[in-house]
Amino acid sequence: MEGNKVQNYKSCFDIIGPIMVGPSSSHTAGAIAIGALARQLFGGTPKNVRCDYYESFSETHKGHGTDFAIISGILGFATDDERVPRAVEIAVSEGMHIEFVERKEPSPVNHANTADLILSDEKRTIRLIGTSVGGGAVEVKVIEVDGFKMELTGPLPILLEVVPLGKMPVLYNLLHEHGVTISKQRVEMTEDSQMMGYELVDLLSPELKEQIQTLRKTHDIYMFA
């Protein structure tokens, strides 16, 4: 099915959209979600943010509140947080350097609502390309972190695990134990480590999420759910 729509929407709330501050579930709530995923990949609040917009995002981001939405997600604000419209102002006041770029060429991941985010500080830099597919739902198309670059189909949930070469990853067996269906499994390698990417058909149960959160204390795991 075009766009993998079977996986894009897993409940009626994915179509209706969340409770939110802002004019558009696609351009505001979805943008908050993309920013929040980039924050998670970075591991906190960055000092520098560059956001390249493509196609519809490039044309309408100012009027639809996409700027303050992206930064709201990066700051960790929820979609219904009253601070959302002031997110850019708040971030700048706290010392964040922000750059928004309107790109004229087609989206590199073939979607009208594309944001390409680079978050950095003096210690690390990450990149996440996300798309807003409607109703506040988003897809992660590309991630770059710790020397790895992984291209993804997009629909959540997505789990990533980085392990040293020769060490067994823990997520695969855990997902199998819980009967979770993996739609795509990817591997990227550097000289001394590998990143395992799991794109899932099933939503993660609260119990499984809790187990993964516990594993994250001792393992290099990213959970986009």
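**Figure 1. Lys-184 has Glu-199 in β9 as its bridge partner.** Strand β8 (residues 182–189) and strand β9 (residues 193–200) run antiparallel and are joined by seven bridges. Two strands are taken to pair if DSSP finds at least two bridges between them. With three residues between them, β8 and β9 form a hairpin. This is a predicted model, in which local features need pLDDT of at least 70, side-chain atom pairs count only at pLDDT 80 or more, and totals for chains, interfaces and linings use all residues. Residues are numbered from 1 along each chain as its sequence is written, and side-chain values use heavy atoms, with hydrogens and water left out.

**Figure 2. Helix α5 (residues 66–75) is mostly covered.** Of its 10 residues, 10 are buried (under 20% relative accessible area; exposed is over 50%, partly exposed in between; 1.4 Å probe, protein chains only). Among them are Phe-68, Ile-70, Ile-71 and Leu-75. Gly-76 follows α5 and has a positive phi, near 90 degrees. Helices (H or I, at least four residues) and strands (E, at least two) are DSSP runs, numbered from the N terminus.

**Figure 3. Leu-165, Val-187 and Met-189 make a nonpolar surface patch of about 270 Å².** Accessible areas come from the Shrake-Rupley method with a 1.4 Å probe, and for residues only the protein chains shown count as cover. Leu-165 lies in the loop between β7 (158–164) and α7 (171–177). Leu-165 counts as partly exposed because its relative accessibility is 38%.

Terms used. Patches are made of residues with over 30% relative accessible area and no salt bridge: like charges are joined within 9 Å, nonpolar side chains (Val, Leu, Ile, Met, Phe, Trp, Tyr) within 5 Å. A salt bridge is a side-chain nitrogen of Lys or Arg within 4 Å of a carboxyl oxygen of Asp or Glu.
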